[in-house]
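Biologist: I would like to learn how to read a model like this one. Please take me through its features one by one.

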Amino acid sequence: MEKEIAFTIDGKNVEANAGQTILECARENGIFIPTLCHYEKTTNVGACRVCVVEVENARSLVASCCTPVSPGMVVRTNTEAVRSAQKMIVELLWSSGDHNCLTCEQNGQCELQNLVYWLQIEKPRFEIEPPGYTIEDTNTMIQRDLNKCVLCGRCVRACNEIQVNEVLDFSMRSSHAKVGPAFDADYINSSCVFCGECLQVCPTGAIIFRQAKFAGRPWELQKTRTTCAYCGVGCQMDVYSKDGKIVKVLGNREYGKPNNGSLCVKGRFGMDFIQHPDRLKKPLLRHNKNEDLKEVSWEEAISFIANKLSAAKKKSGPDSIAGLSSARCTNEENYLFQKFMRAVIGTNNVDHCARL
Amino acid sequence: MAGLAASFGSGAMTNSIEELEFTDLILATGTNTTENHPVISSFIKRGVRQQGVKLIVIDPREIDLVKYADVWLCHKPGTDVAVLNGLMNVIISENLYARDYIAERTENFDALKAVVSKYTPEHVEKISGVSAKDLKKAARMYAQAKRASIVYAMGITQHTSGTDNVKSVANLSMLCGNVGIEGGGVNPLRGQNNVQGACDMGGLPNVYPAYQQVSNEAARKKFEAAWGVKLSAKPGLTLMEIMAAAGKGDIKALYIMGENPLLSDPDLKHVEKELRNLDLLIVQDIFLTETAQIANVVLPSTSFAEKEGTFTNTERRVQRVRKIVDAPGEAKADWEIISELSTKMGYSMKYSSAKEIFYEVINVTPSYAGMTYERLEKEGLQWPCPTADHPGTKFLHKDRFSRGLGLFHAIEYIPPAELPDEEYPLFLSTGRVLYHYHTGTMTTRAQGPSERYPESLVEINPLDAEKLGISEGQIVKVTSRRGTIQAKAQITQKSMPGTIFMNFHFAGAPVNALTNPALDPTGKIPEYKVCAVKLEAA
């Protein structure tokens, strides 16, 4: 689309498309405006006012995430008035919650903490008065501490606009306002399906991955992108691990298709099986049917199978042997399995549970 | 899959997941999408709530998707063909079908028209319980949408009429010119992470990779040259046939990689007998599954988090799997185990990595030929991707069907193999629930999902519960001609009167002890969605 609206931002003459917001244009032109409630692909609500800018001849500062540019507009993002308003907002948010980074899992990746640092605030000018909510730890997957909630509403929009599960909303008013399921229920007693999109978008430590608590600081974790092993959607996800242990799973919007960063309860919270003590660790063998399975070496197990299969092939023909490959294994392994059955055993008796 | 291949020439999902959000109408049938493909359901729900996409749900249960639907056709289990024929009857009799498209791109329309003419809305109402009024409304809505996508899953395929159901879905889509366009198509949602890939790679008895027929001489010659051995021209047995042959003693040895038929297959008592009849049962898995427990040899393999490789998702997208942690103990990747065994048996397989195998794959798999690990690094590619500069294929059958012309099939409604009667008065339908996966090997070992859904539940309509004197949470006994199991009752409107629903995740309440092993004659899929049972308080 051709750019059609000319305007000025921080003294720079730029062009925008009709309907683009000041924030979008600023980002396109490499100008940083801090944000907090803003979240791509959800409604711009202008709830936090952290993204305010000065627009010439406007009556007051405007929220850049919600203000479309207009022809000839003159925008300033870094004036004294802007900074002082941003500081005020961040100090108010800080002082109205229990933002104690010492014990917070989000320490190091908290967007409120980043704002405080970026705005160079030493301490808030107001007395810190957390609302005193009880921490919600009634399920093993998602922990909520509304004392750290900045009411940005990202979780509400993620639940309603991204996952469309329609569980979360705001309730109460003014300083009593809070986010959560209907009737102020805990997640576990609500219609929540534990997709975890809310913890993914939460800018602070208000909604966190409970099983990852005390399992590693953000900067200690190693991130590996992979493909989820549950259903056929093939969600791209980041698996975080520390010292060879899986800590948590997050989606990543940057990976795009097929899931645009969303996951479901199984992908996000269903990975305990990988490092479960029940995992098989050694080959097991029984020489006759009445024996128990006994641990053996790989050498013994492979020799046993090779001898048995060769004997069966010789005695009863290749078609007396069959194999089931797996919708759970990789393409490479499925390829090799059918190659083994066809080229080594000599039969086409190979199938898998596609039908089940 | 057989159904779609017969209609279009290719059995895969025709279109892409992302298109669902921006089409004009979605018809979802036999898919409980919010529970089985939750992330795909969010595309559908966003479409409905934010983009004005219309949604028709055809399902015998009041699944969550119904909440988002414009029309819900609640049919009796197993009457899918009747309902689909009824929709087509209305569309044809009201002249709402795509005449030019049918003339140019399809064949055998007259045969379809003749059969469908019998399925008037009134007749269909008698068979299926769907009101003539709702049927007409849905038919008009579907036909008048500029682009309409059909999504379905095992609710369509797991019937003795599964292949017929799929062909009927394909008929409906072609009737309105919806195949071969963006936002349209016929989209089977694959239930397992790599079921598409396992099929693509030739994990099927009749085909080599990329669906090249084993009975086709040219294809066989090609693989004989690639692998340096003579190959059998005789198509092999399907899973259910393998089991039966094991029972009869014709199959002596069975090598199972990563499957658990002793919980997933129908009529379990029978399956166990068949497996125990083998001389040699080899199971390669990450846990000592129900099947592994009766094996002669169990080989510990690695999970997806402990190896490199690729999976192919439901929309034909090949994506990378990467190693995150080390395998426990002496567990080895499946490809390493197969290579060692093969080498031991005198056929040398010396691969240094999964990547090396992938390069062999692309050489013999035309639809994957243009892919490399490097190209897959950032974003997966959708097959067909025949050359190194091909961007992959978002939707199939554009301008031309894989088989040339799209083929209409004239399909008559056939009732399920087993219907409720006096002794077994209820329908039992089976499937998955959101919090668990398949035979539960993985999810029952996950703390969170198990907390949310700790044990098997029998979903019963309040009317049935009252009639039988069953209360919420009570242990009930469910009995079919094949077996009895016990589980807790969950009283819910989701189940219609006369139908109960159970999942197959829990070994403690193995619903496949009840299910009917009657097979679809073409697809060889067992009829998991319908059998007759009786219910009583335990």
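Biologist: How far apart do domain 1 and domain 2 of chain B lie?

Modeller: Domain bounds come from an automatic or database domain assignment. In this predicted model, the C-alpha centres of domain 1 and domain 2 of chain B are 33 Å apart. The assignment puts domain 1 of chain B at 2–189, domain 2 at 195–382 and domain 3 at 426–537.

Biologist: What should I know about numbering and confidence?

Modeller: Residues are numbered from 1 along each chain as its sequence is written, and chains are lettered from A and ligands numbered from 1 in the order in which they are written. This is a predicted model, where local features need pLDDT of at least 70, side-chain atom pairs count only at pLDDT 80 or more, and totals for chains, interfaces and linings use all residues.

Biologist: Which strand of chain B joins β15(A)?

Modeller: Two strands pair if DSSP finds at least two bridges between them. β15(A) is joined by 4 bridges to β9 (residues 253–257) of chain B, and they run parallel. L324(A) has I256(B) as its bridge partner.

Biologist: In which sense do β21(B) and β22(B) pair?

Modeller: β21 (residues 516–519) and β22 (residues 526–527) of chain B are antiparallel, with 2 bridges. N516(B) is opposite E527(B). The hairpin has 6 residues between the strands, and K524(B) takes a positive phi near 55° there.

Biologist: Is helix α3(B) enclosed or open?

Modeller: A residue is buried if 20 or more other C-beta atoms lie within 10 Å of its own, exposed if 12 or fewer, and partly exposed in between, with C-beta atoms placed from the backbone. In α3(B), 10 of the 14 residues are buried, so the helix is largely enclosed by the rest of the structure. Among them are P38(B), F43(B) and V48(B). The cover includes α4 (154–162) of chain A and β1 (25–29) of chain B. After α3(B) comes G52(B), with a positive phi near 70°.

Biologist: What about a loop residue, T365(B)?

Modeller: T365(B) sits between α17 (354–364) and α18 (373–376) of chain B. T365(B) is buried, because 22 other C-beta atoms lie within 10 Å. Leaving out residues up to four places away in sequence, T365(B) touches P209(B) and A210(B).

Biologist: Why do cores form?

Modeller: In soluble globular proteins, nonpolar side chains tend to be buried together. A nonpolar core is a set of buried Ala, Val, Leu, Ile, Met, Phe, Trp, Tyr and Cys residues joined through C-beta atoms within 7 Å. The largest nonpolar core has 153 residues, and Y142(B) is one of those that touch the most other members. Helix α4 (residues 80–93) of chain B supplies the largest share of this core, 8 residues. A second, separate core of 109 residues includes L284(A) and F501(B).

Definitions and conventions
Two residues are in contact if their C-beta atoms, placed from the backbone, lie within 7 Å.
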